[in-house]
Amino acid sequence: MKIGIVNDLPIALEALRRVLALRPDHTVIWAARDDAQAVALCARETPDLVLMDVVVAGTDGVEATRRIMAATPCAILVVTASVDANAARVFAAMGHGAIDAVDTPVLGRGDLPEGAAAFLHKIDRIAKLVGTRRFIPSADTFNDTWIIARRERLVAIGASAGGPAALTAILSALPKDFPAAVLIVQHVDERFAQGMADWLSRNSPLPVRVAKEGDRPTAGMVLLAGTNDHLRFISGERVGYTPEPRELAYRPSVDVFFTSVGVHWAGEAVGVLLTGMGRDGANGLKALRDKGHYTIAQDQATSTVYGMPKAAASLGAAVDILPLERIAPRLVDTFRHKF
């Protein structure tokens, strides 16, 4: 990949360059010291990946993320001194389209900076994501059989880059007596899942928590995928996690999740595919539509990254393609007029 760096600390730049040198197939094409320079450099030579610090003296990495994704969209990884200490800014940047976040490697006494392994894992994962192959799950992926129909209700949501802001917009517009369970797969490292659940809860009338192995979705509760394994239904009532398929760049995978809904969930379901890079979720959404479930894809105008919803639209996977502000009202109307 061609990589751009946004960081104003020489010691951090040196640490990043040293670690990236361990992956000679990647090239640092520029380094910016503030948001204005980053936006200009992206316009002049758009990289495959931007390493964005959200804490830059005298400027704002969150705003830089927003401006880059609006003008020259590309993969953005937040790399900052402490993801935990800067959680609010990290989630804000993810709301504008950043894919993931990691602590900045720190120069120490050894040749390899501390935190290099975690950083390289993120880089390798994004490299696969940028050039990922299409994954088409099938019912053969799962062992259990279709369950006799029930009349329970489920909203299955998949999101990636730009997802935190989109999810906040939807959840904040749902009523506290919403009559369906909500399950979300957002591409986010398991380290930040609990923080994201807490962050979403602050703007949601429905409680939001991380899904645990064996959880049963219930009406009025929002469950968020919480590990780097794939969230899926393991029966007609309960969810769990699986590391398979291991080769997927998307972890957790929306395709695996949606496909399991189609295989196991026998009640009423609505599939929603939101903003995101790549095509994860498109085939799973098509599987849901083919099962007779109602499906929605976010439209281009309101998507931070029109990758996943575009792939769904091209497959004919979405019954409706809607702007973000119309998705929550449509969910409310859909369940109000059924049963």
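Me: What do the buried residues of helix 2 pack against?
Reply: They pack against strand 1 (2-6), strand 2 (27-32), strand 3 (49-52) and helix 3 (61-71). Packing here is contact, meaning heavy atoms within 4.5 Å. Helices (H or I, at least four residues) and strands (E, at least two) are DSSP runs, numbered from the N terminus.

Me: Where do these coordinates and numbers come from?
Reply: This is a predicted model, where local features need pLDDT of at least 70 and side-chain atom pairs count only at pLDDT 80 or more, while totals for chains, interfaces and linings use all residues. Residues are numbered from 1 along each chain as its sequence is written, and side-chain values use heavy atoms, with hydrogens and water left out.

Me: Which residues of helix 2 are buried?
Reply: In helix 2 (residues 35-44), Asp35, Ala38, Val39, Leu41 and Cys42 are buried. Buried means under 20% relative accessible area, exposed over 50%, and partly exposed in between (1.4 Å probe, protein chains only).

Me: Why are they on the same side of helix 2?
Reply: Because they cover an arc of only 165 degrees around the axis. That arc is taken from the directions from the helix axis to the C-beta atoms.

Me: And what is on the face turned away?
Reply: The exposed residues Ala43 and Arg44.

Me: What happens at the start of helix 2?
Reply: A side-chain oxygen of Asp34 comes to within 3.3 Å of the backbone nitrogen of Ala36.

Me: How does helix 2 sit on the strands?
Reply: Helix 2 lies across strand 1, strand 2 and strand 3, at about 140 degrees to strand 2. Axes are lines fitted to C-alpha atoms, for helices over the stretch in contact, and angles run from 0 to 180 degrees between N-to-C directions.

Me: What is the strand order in that open sheet?
Reply: The five strands have the order 2-1-3-4-5, with parallel pairing. Strand 2 and strand 5 (100-103) are the edge strands, each pairing on one side only. From one strand to the next, the twist averages 25 degrees. Two strands pair if DSSP finds at least two bridges between them.

Me: How many bridges are there between strand 1 and strand 2?
Reply: Five, in the parallel sense. Val6 has Ala32 in strand 2 as its bridge partner.

Me: On to helix 3. Which residues are buried there?
Reply: Gly61, Val62, Ala64, Thr65, Ile68 and Met69. They span an arc of only 160 degrees around the axis, which puts them on the same side of helix 3. The face turned away carries the exposed residues Ala70 and Ala71.

Me: What do the buried ones touch?
Reply: The buried residues of helix 3 pack against helix 2, strand 3, strand 4 (75-80) and helix 4 (87-95).

Me: Different topic. How do strand 10 and strand 11 pair?
Reply: Strand 10 (residues 230-233) runs antiparallel to strand 11, with four bridges joining them. They form a hairpin with five residues between them. Phe233 is bridged to Val239 in strand 11.

Me: Which way do the residues of strand 11 point?
Reply: Val239 and Tyr241 point one way, Gly240 and Thr242 the other, and all are buried.

Me: Where are the cis peptide bonds?
Reply: One joins Glu244 and Pro245, with omega about -5 degrees. Another runs from Arg251 to Pro252, with omega near -5 degrees. Pro245 lies in the loop between strand 11 (239-242) and helix 8 (254-264), and Pro252 is also in the loop between strand 11 and helix 8.

Key
A polar contact is a pair of N or O atoms within 3.5 Å; within protein, one must be able to donate a hydrogen and the other to accept it, and residues adjacent in sequence count only if both atoms are side-chain atoms.
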